[in-house]
Amino acid sequence: MTLTLLESPSVLSAPRARPPRARPLRVALAGNPNCGKTSIFNALTGARQHVANYAGVTVERRAGTCPLLNEPGELIDLPGTYSLNAYSPEERVAEAELLAGPDVVVVVTDSTQLQRHLVLLVQVMQLGANPVLCLNMADEARAAGQTIDVEQMERLLGFPVVETVGHRGEGIDRLVAAIDRAARNPVERHKLVLGEDLDRALDDIARALPPPARPEQGAAWVATRLLVGDQRQTRRVAALDGGEEAVALARLHRTRLEAATGCDIAVFVTERYFGFVDGLLREVRHRPRHVDTRQLTDRIDAVVVHRLAGLPLFALVMFAVFWLTFTVGDYPMGWIDAGIARLGEGLSQLWPEGSDSPLRSLLVDGMVGGVGGVIVFLPNILLLFLGLAFLEDTGYMARAAFLTDRLMHRFGLHGKSFIPLVTGFGCSIPGIMATRTLENERDRLTTMLVLPLMSCGARLPIWMLLIPAFFPPAWRAPTLWMLYGFGIALALLLALTLRRTLLRGDDAPFVMELPPYRQPTLRSVVLKMLTRSQVYLRKAGTTILAISILLWAATTYPKPPSYQVDAQLAKGELALAPEEVEARRAAEDLEHSIAGRLGRALAPVFAPIGFDWKIVTAMIGAFAAKEVFVAQMGIVYSLADGGQGTDSLRALLARDYSPLVGISLMVFLLIAAPCMATIAVTRRESGSWRWALLQLGGLTAIGYLLALVVCQLGRLVI
Amino acid sequence: MSSSSDTVSISSPLEDYLETIYLLVQEHGFARVRDIAGARRVKAATVSVALRKLAEGKLVDYQRREYIGLTSKGERAARRILARHRLLTRFFAEILKMPREAAAEQACTLEHALTDEAMDRIVRFFEFLGRCPSVIEAFQRCPVAAGADEPGLSAAASTCASCAVRNDVKLMTLSDVEPGQSVVVTQVASGGALRQRLLDMGMLPDTVVDLERTGLGGDPLWVRCQGARLALRRSEASTILVRRKA
């Protein structure tokens, strides 16, 4: 492949007049996964960035501003993609953003992987974009003895080329200058030569494109998509007036090229991309014949993904992450808990002693209590995300997927589902958020939907209350293990069922790149942790706050007109300590509230699985957070100290319920009705209430059915 | 046997007579009983019996006169048989490379045995071959055509780009490769998204792929290609055709 210009004037390289810009500058960052694009983005924007989702898809949209640029502008970090072939949501999003015509497109490449990473640049050139090529990780390439003649490359390509080391901030000033330069002098025509036969065919198709499908930018790209028979573009163009002709012409060229080359069109076009890159690199790259940049990574991999040692080592790594999350996290958790309690007390003191102002109750019990219950997990989430970000940045995450894929694939899941699922043992929320690493929509949804079956940390206090209440000491540990095991088995089974029914479809390609090990930088790991935790906090401030208030109202109102306990006291039938009186009143409050009434109303529904109104009422409150169940049971039984894990509550439970109901209760609480935060996060991550409500309804139904089976079969046996 | 509405069901010897008469008429403008007898090497009396039967089916114009002609219906039937005969002869001779005479003999036997539908499909296939001669060439180049035995075959056949994976011949795919071995991609026969992903990652024909290791239990595979490490499932690897590195 040569880099000379086509002699005949081509519509593909026709000079474009770009009208002066009225809006702020828009710069997009494109690149392969693992090219260090995020480190470049971070270096350009600093902390001035925010993460959101693209509408309708679970692809993260990262945007920010760069104060270093001459004129203010928005910087968009496109999802990492190998190409723009629109097979995955990421690729579709990237294609759409590029077709929308950003003013400058920075194509970030890994300098040690140029022959593959530059293919994306070719596609960006076809899109008619105004590129800046960023040769990132230049230090690694230099260490391997590779040198790039940057000036020659700029001459050949006709746009700025900059070498950078993103994570150390090297070359960022030059990159900023290059973006400014590119914004001022956009490329007029791209010197892209993919071979005479292909260029002619593309030019021919591009000429036939009806004007609406022939954006000033990207005619070559649309023509290429038609040529390779891309269904979306073909449908879009065919629907336009005169589009059929272009489609027919593309089909003709496809048949002709395939017949002439004896090669499938997709292979043919891709080979030409690689051919262009090869030709370019031959002119600008100098390197020793034998480069071995990968020795260290290979030596590490020899141990880390060893056939036998790999999995145990992985278990150890996961254990370390969890230890960090839950042991170290316990300390700040305690502080936050205390802080929230003090905040609650502080707020209470704004009212006179003994006041029963509804506003005070709303603030203290509803808002501070509800949101506080979720904020308490923030240290856990921060630490877990810190650990996961660290593993991701080192490159270990891909290895973990490699190690676990065989097991997960049997259940219709993906190797990358493993870590989110394990995270679910801590808390479903970070688990669901960690499903973002899954590229395929179906894999991601399946993982998300079954994730609450991993018995989370908030359920542990419930098990700690119930198991000793119903089981003799020798049985307690095995019962706990069985509960966890039952959850896992059910999750896998449900995943398999989902993949065969609602989320049926071919397996997404597993093909995955295993990046070289890299030393993560503190900056990038912390940034990643913070941006993801932000999402959690925002959730706590909005949806969770709203649901907390609703639940508070439901458990508080209406108030009983008078308390029986007061009447009894007045009659002198009872002699109680003041705390006991308070507890009795609280119990009567709850019984009289919407939750209590709902509990009574729903009790017949739950009678077949052995629950009475007390349990149902406690469960309604537990929707706020699972562990609230314990406190609610304490209130229902009017225990003075709230019954937190006390033996008195256990004794009462053992008195009122049979062990069979105990089992039924545990089965139900394990499976049914994930907490409101889980539902809210599923809604956010899946992009629709439909999946969140399916999760809520589906799991509750399954929980009910299994509890029913346990209860009814148990009654037959006993 | 023929059962379509515009032809009469006639037995295969009668079809042969029809064919002979048609050829004689084409050649001389007429056919006589003794010419027919001569061409078919039978007695004149036998011919008469056959002609009576054909006349009953309104295929020939035969009133004991010397010159026998075909009715338009008979002519259609004869042309049809002849077309089959020629087509099948060419198939055996030109594509399957049998000697001409043996090919004609096979055609004679087969032309009567095929139903209209089967024949129609063969005709369509033949038309396809005419349009796409590279398929015939590929077949004739392939050792399978020469009757090569299984073992030596797979390596040779896998070099042919026209070979599909679902060929009866066992081709070597990436999933047959042992850890530590190095192979060259000949074809990426995967479908849809997987194919595009593999191409994007540089797994193109003629690139070298090293299988470095597999997961526990042999799945997934860990390969190196164009300087990158890739993990892919065995099922995915089985759609990538490879040959041993020379």
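Q: Before anything else, what is a salt bridge here?
A: A side-chain nitrogen of Lys or Arg within 4 Å of a carboxyl oxygen of Asp or Glu.

Q: How many salt bridges are there between chain B and chain A?
A: The count is 4. In one of them, B:Arg233 pairs with A:Asp405, and the closest N and O atoms are 2.7 Å apart.

Q: What kind of model is this?
A: This is a predicted model, where local features need pLDDT of at least 70 and side-chain atom pairs count only at pLDDT 80 or more, while totals for chains, interfaces and linings use all residues. Residues are numbered from 1 along each chain as its sequence is written, chains are lettered from A in the order in which they are written, and side-chain values use heavy atoms, with hydrogens and water left out.

Q: Back to the contact. How many residues does each chain give?
A: Chain B gives 33 and chain A gives 41. Contact means heavy atoms within 4.5 Å.

Q: And how much area is buried between them?
A: About 3,500 Å², with 57% from carbon and sulfur atoms. Buried area is the accessible area (1.4 Å probe) that two parts lose on being put together, summed over both.

Q: Which chain B residues lose the most area to chain A?
A: B:Arg197, B:Arg229 and B:Arg233. Together they make up 22% of what that side buries.

Q: New topic. What does A:Phe629 touch?
A: Leaving aside neighbours within four places in sequence, A:Phe629 is in contact with A:Ile462, A:Ile615, A:Ala618, A:Met619, A:Ala622, A:Leu665 and A:Leu669.
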